[in-house]
Amino acid sequence: MNATEAKFLESTAGVQLVLTTAENIISMIANLFLILVYFSSNKLRASLSNTLCASLASVDFLTSFFFMFKTIFLPYIKPWPGIWTTLFCHVLHSTFLMWAFVHSSWYHIVAITFDRFIAVIYPHKYKAFSNSKYIRYSFIVFSHILGGFSCGYLLVLTIEENNECVFYLPNWPRFLKMYLLVTFTTFVTFVSTILWTLYSIIVYNVLFKSAKNKITKSQQRATTMCIILVAEFCICSYPNAVFVMLFIIDLVYEVGWGLTMDSTMFVITVQFIAASSFINPIIYMIFNRSFHSAMFSFLSRFNPFKSM
């Protein structure tokens, strides 16, 4: 990071802190509200699409929480001596938890897109597919497991040194350095390939074959929500994914690009990810009519004039 970037980040630190705090608090409130409405409605809980969206909301809630924790509290927390220092460095200071939930959101988006794929391409089989609890919970569990695995390298690249947490690249043999690079690139490539293949098929069938496939209006609304959700997610997430991929290449092969995790570009791409956690529940609330009725039913419980 050059002197100009450092001066810019320092001069806007207060504004960044206020905006980040406000954005993440609103995001946490919106996602928590969505989760509470989901659990209050039997109709929403019976739907696979709504279950996946509620699970994504929980991931977005935790992403916002750990992002705010990283921005506001982490710089002022000093690790205690002993085992706490090791755990603190590897789990908290490495921001592993935050990025694990960010990566988990990628897999949730793939699961939501796959759900829409089945609904659009195989509507006659969708009811049996969506009613399977095994499929429902498998999607959620594997999204979390794969999310943690995708950024497991963060647990290794942050270590304790003189009671301080430092980020470093160990003197690994070449094949382990390749593992670091392949882990992240495979994650981005694998998820992107599946996501965009399913996404393209869905868009094509909705635009040109909706009558032939007998897609109902409610399914069209749900699919439209998925299309917008995926587009917004990719716009917010891909800049950071590309930056991190280039950063790892530079780190492993010493290309000399000078990319750092405190540069202006990285800060901007992370803000885009935070914005995604904020926007996702808004898209869901706008396009899901089942949620509208469940929301009004949920809010009516707190109406002080209801019993009068």
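Is Trp-106 counted as buried or exposed at 4% relative accessibility? In this predicted model, Trp-106 counts as buried, because its relative accessibility of 4% lies under the 20% cut-off.

Of the 308 residues in the protein, 46% are buried. The accessible surface amounts to about 16100 Å², and carbon and sulfur atoms account for 71% of that area. Among contacts between residues at least 6 apart in sequence, 77% bring together residues at least 24 apart.

The largest nonpolar core contains 74 residues, and Trp-106 is among those that touch the most other members, together with Trp-99, Tyr-153, Phe-184, Ile-248 and Phe-291. Helix α6, which covers residues 96-121, gives the most to this core, with 16 residues. Leaving aside residues up to four places away in sequence, Trp-99 touches Cys-151, Leu-154, Asn-240, Phe-266, Val-270 and Ile-273. Another core, of five residues, lies apart from the largest one and includes Phe-69, Leu-74, Phe-88 and Cys-89.

Thr-95 is itself buried, with a relative accessible area of 12%.

Aromatic rings come next, with 18 aromatic pairs in the structure. Tyr-38 and Phe-39 make an edge-to-face pair, 5.1 Å centre to centre with 75 degrees between the planes. Tyr-38 is buried at a relative accessible area of 8%, whereas Phe-39 counts as exposed at 54% relative accessibility. Trp-106 pairs with Phe-233: their ring centres are 5.5 Å apart and their planes stand at 80 degrees, so this pair too is edge-to-face. The pair links distant parts of the chain, as Trp-106 belongs to helix α6 and Phe-233 to helix α11, 127 residues apart. Phe-233 counts as buried, with 2% relative accessibility. Elsewhere, ring pairs join Phe-114, Phe-117, Tyr-122, Tyr-126, Phe-129 and Phe-139 into a cluster.

Just after α11, Glu-254 adopts a positive phi of about 50 degrees.

Definitions and conventions
Residues numbered from 1 in each chain as written. Predicted model: local features only at pLDDT ≥ 70, side-chain atom pairs only at ≥ 80, totals over all residues. Heavy atoms only, no water. Helix = DSSP H or I, 4+ residues; strand = E, 2+ residues; numbered from the N terminus. Buried < 20%, exposed > 50% of the residue type's maximum accessible area, 1.4 Å probe, protein only. Contact = heavy atoms within 4.5 Å. Areas by Shrake-Rupley, 256 points an atom, 1.4 Å probe, with all protein chains shown as cover. Core = buried A, V, L, I, M, F, W, Y, C linked by side-chain atoms within 4.5 Å. Phe/Tyr/Trp six-rings, centres within 6.5 Å; stacked < 30°, edge-to-face > 60°.
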